[in-house]
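I opened the model to look up a few packing details.

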Amino acid sequence: MKNWQNTLIHPSITLREALQTINDVGCQMVLVIDIERRLLGTLSDGDARRALLRGLTLDDPASEAMYQTPTVAHVHDDRATRLGLMKRQGLHQLPIIDSHGHVVGLEVVDDYLHIPAREEAVIIMAGGLGSRLKELTHSTPKPMLNVGSRPILETIVRSFSEQGFRRFYLAVNYKAEQIEAHFGDGSKFDIEIQYLREKKRMGTAGALSLLPTELEQPIVVTNADLLTKADYGAMLEKHLATGADATMAVRKYEMQVPFGVIQEKDGRIFNISEKPVHQFIVSAGMYVLSPHVLKFVPRDQFFDMPMLFETITTQGLFARCHHVDGYWLDIGQPSDFERANHDFHEVFR
């Protein structure tokens, strides 16, 4: 919800003032917060009416009428999780809090029902060989392998479309005819699709040099083997708000050493860590690029996305991280493909 900050009230204001705020904001609810903006409760028209019926007056503090245990979502919950929570609970509004209980937003169900079309283009890198999946991709390109009831690439396209994206470029190479036959010009999915046809392997960024026109808006780039519930629009909006030149979606990745790790010096053991866990920040295979950084992509050459980001940082430009949580799966190995099929009906339906 835009201007959600206008719904914030302090507990000491009167019930009359709170009702006036509800009327002015027009979202049927205000959020009661403390001085540090932690959520104390919510107050709706119904809460106020029930409070008046039990004897409160319009001059009593709003805190005496608020609902003290409202349903909330957390800042890292994805869009589908928030909508599902509102559906299950029959809610029209849903406060968003961070890990410390501070209010950081307010979702309104109408925002999910009327998603505006976005102008920004989406480029999906679908030209890889999928060699790690061995015999599965012998006759079918990896993006066209069925996970659940449809190809991986169709689920990715649908996820973007559900968030308002309408313009797509699919970078294709290996068995491209299967992809083009399935998607065509995109009209059956109510989107527009054009193709970047690679004549050789061009890496995870090289196909960007095949874009036919100069773009005026940032572009979203993703690999074609990722199943995720990421909020692409939120990543794009943060990119614009921070003035970044390039944004890379990242995730936490943990790796456990299956042995006791010894620290020694001159033959003397001074520490033993039993099966330590190391944590890394890794690329999640999704990016937002401002148009001017595309000039760093060489024409008709192999070029990977890490090479592009290295060039961007070397040039002194702003490359930012965008942390994504929630469901995310890179279908690289046969075990990942099996897991994706197991998860599909629960996560994507």
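**Entry 1, ground rules.** I am working with a predicted model, where local features need pLDDT of at least 70, side-chain atom pairs count only at pLDDT 80 or more, and totals for chains, interfaces and linings use all residues. Residues are numbered from 1 along each chain as its sequence is written, and side-chain values use heavy atoms, with hydrogens and water left out.

I looked up how helix H5 (residues 152-162) packs on helix H6 (residues 176-183): the angle is about 45° and the axes are 11 Å apart. Helices (H or I, at least four residues) and strands (E, at least two) are DSSP runs, numbered from the N terminus. Axes are lines fitted to C-alpha atoms, for helices over the stretch in contact, and angles run from 0 to 180 degrees between N-to-C directions. The angle makes H5 oblique to H6; under 35 degrees counts as roughly parallel, over 145 as roughly antiparallel, 65 to 115 as roughly perpendicular and the rest as oblique.

Which residues make the contact? From H5 I noted Leu153, Glu154 and Val157, and from H6 Ile179, His182 and Phe183. Contact means heavy atoms within 4.5 Å.

I found Thr21 in helix H1 (residues 15-25). Is Thr21 buried or exposed? Its relative accessibility is 19%, so Thr21 counts as buried. Buried means under 20% relative accessible area, exposed over 50%, partly exposed in between (1.4 Å probe, protein chains only). Leaving aside neighbours within four places in sequence, I list Asn6, Ile9 and Val30 as the contacts of Thr21.

I searched the whole structure and got five aromatic pairs. Rings of Phe, Tyr and Trp (its six-membered ring) pair if their centres lie within 6.5 Å; planes under 30 degrees apart count as stacked, over 60 as edge-to-face and the rest as tilted.

Phe160 and Tyr232 have ring centres 3.7 Å apart and planes at 15°, so I logged them as stacked. Phe160 is in helix H5 and Tyr232 in helix H7 (residues 232-242), so this pair ties together parts 72 residues apart in sequence. Phe160 is buried at 0% relative accessible area, and Tyr232 is buried at 3%. I also noted that ring pairs link Phe160, Phe165, Phe168 and Tyr232 into a cluster.
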